[in-house]
Amino acid sequence: MQVKEGMYIKACELGKLLGITDRHVRRLAGENVLKKNGQGKYYFMENIRAYIDYVSAMNEAPIDLKE
């Protein structure tokens, strides 16, 4: 896949690249983690960065093992 500036891709394609399901991609979009355009496609570069930031933040969150 050749990446171009301003490139949009489908949820299933983004999910495959991130190693998650397209349903999880849509859920993250609903939580405003990922962004999509009016046609339901996802901005490639912006969402790759956003997902990396999301996963990093999840790994840094304090965990209370008592719960």
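Modeller: Here is how the labels follow from the values.

Modeller: First, some ground rules: this is a predicted model, where local features need pLDDT of at least 70, side-chain atom pairs count only at pLDDT 80 or more, and totals for chains, interfaces and linings use all residues. Residues are numbered from 1 along each chain as its sequence is written, and side-chain values use heavy atoms, with hydrogens and water left out.

Colleague: What pattern does the protein chain follow along the sequence?

Modeller: The pattern is β-α-α-β-α, with 3 helices and 2 strands. Helices (H or I, at least four residues) and strands (E, at least two) are DSSP runs, numbered from the N terminus.

Colleague: Why is Y51 called buried?

Modeller: Buried means under 20% relative accessible area, exposed means over 50%, and partly exposed is in between (1.4 Å probe, protein chains only). Y51 has 14%, so the label is buried. Y54 has 22%, so this residue counts as partly exposed.

Colleague: And what makes R23 exposed?

Modeller: R23 has a relative accessible area of 65%, which is over 50%, so R23 is exposed. R23 is found in helix α2 (residues 22–30).

Colleague: How many of the 67 residues count as buried, as a percentage?

Modeller: For the protein chain, 28% of them do.

Colleague: Why is the pair of Y51 and Y54 called tilted?

Modeller: Rings of Phe, Tyr and Trp (its six-membered ring) pair if their centres lie within 6.5 Å; planes under 30 degrees apart count as stacked, over 60 as edge-to-face and the rest as tilted. The search of the whole structure finds 2 aromatic pairs. For Y51 and Y54, the centres are 6.1 Å apart, so they pair, and the planes are 35 degrees apart, so the pair is tilted. The two are 3 residues apart in helix α3 (residues 44–60), so about one helical turn separates them.

Colleague: Which residues is Y51 in contact with, leaving aside its neighbours within four places in sequence?

Modeller: Those are L18, I20, L28 and L34. Contact means heavy atoms within 4.5 Å.
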